[in-house]
Amino acid sequence: TALELFGLPPRALDGQSLLPVLRGERTLARDSFVSMQTDNLGGESYPSRALHERRWKYIRNFGAENAALSNVVGHTLTWESGKELARTDERVAQRMHSYLYRPEEELYDLEADPDEQRNLASDAAHGAQLDLMRARLRGWMTQHADPLLDEAR
């Protein structure tokens, strides 16, 4: 987007310019996208990949048996204020715990649960959706020769 905005030639990037969306020429840039976290800043690496679609979000956490710390944990004012609130608010304490200890897989229905509070990955009623999202993410990882592909099987 920035390259196109400034009139620079496009580069070999896995992305699409959002400029047509910003100009009102298109309403959506794409139907889905993958985000990833590969390393933490100064600490153990607990990578993840997430497939985002309009309704569904699937996250695969690698190394989930360990404390898969997010990059926002432990070095922001938000985190520190959350720790203070968690001493007296059980809901805040549970939410902070969920940031520290991630399950291997997460599945969220963004229409019903836009704040991603209810992980549906272990809900048998959503097994088909989980399998579909898992396969789509694995396909993306294969297409992009993701080094974590072997761990995703």
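**Surface, pocket and salt bridges**

Q: What is the relative accessible area of L8?
A: L8 counts as partly exposed, because this class lies between buried (under 20% relative accessible area) and exposed (over 50%), with a 1.4 Å probe and protein chains only. The relative accessible area of L8 is 45%.

Q: What kind of model is this?
A: Residues are numbered from 1 along each chain as its sequence is written, and side-chain values use heavy atoms, with hydrogens and water left out. Local features need pLDDT of at least 70, side-chain atom pairs count only at pLDDT 80 or more, and totals for chains, interfaces and linings use all residues, as the model is predicted.

Q: Which residues form a nonpolar patch on the surface together with L8?
A: L8 is placed in the loop between helix 1 (2-5) and helix 2 (19-22); helices (H or I, at least four residues) and strands (E, at least two) are DSSP runs numbered from the N terminus. Patches are made of residues with over 30% relative accessible area and no salt bridge, nonpolar side chains (Val, Leu, Ile, Met, Phe, Trp, Tyr) being joined within 5 Å and like charges within 9 Å. The patch has about 340 Å² of accessible area together, by the Shrake-Rupley method with a 1.4 Å probe, only the protein chains shown counting as cover for residues.

Q: What is the volume of the largest pocket?
A: On a 1 Å grid over the protein atoms alone, a pocket is an open set of points where a 1.4 Å probe fits, with protein on both sides within 12 Å along at least five of seven lines. Points are joined across faces, edges and corners, and the volume is the space filled by probe spheres set on them. For the largest pocket the volume is about 720 Å³.

Q: Which element gives the most to the lining of the largest pocket?
A: The lining consists of 31 residues, each having an atom within 4 Å of a point; S98, Y99, R102, E106 and Y108 lie nearest the centre of the pocket. Elements that give two or more residues are strand 1 (32-37), strand 2 (48-53), strand 3 (56-61), helix 4 (90-100) and strand 4 (105-109). The largest contribution, 6 residues, comes from helix 4.

Q: How far apart are the closest N and O atoms of E106 and R102?
A: Both E106 and R102 are buried. They form a salt bridge, defined as a side-chain nitrogen of Lys or Arg within 4 Å of a carboxyl oxygen of Asp or Glu. The distance between their closest N and O atoms is 2.6 Å.

Q: What is the phi of E116?
A: Most residues other than glycine have a negative phi. E116, in the loop between strand 4 and helix 5, is partly exposed at 21% relative accessibility. Its phi is positive, near 55°.
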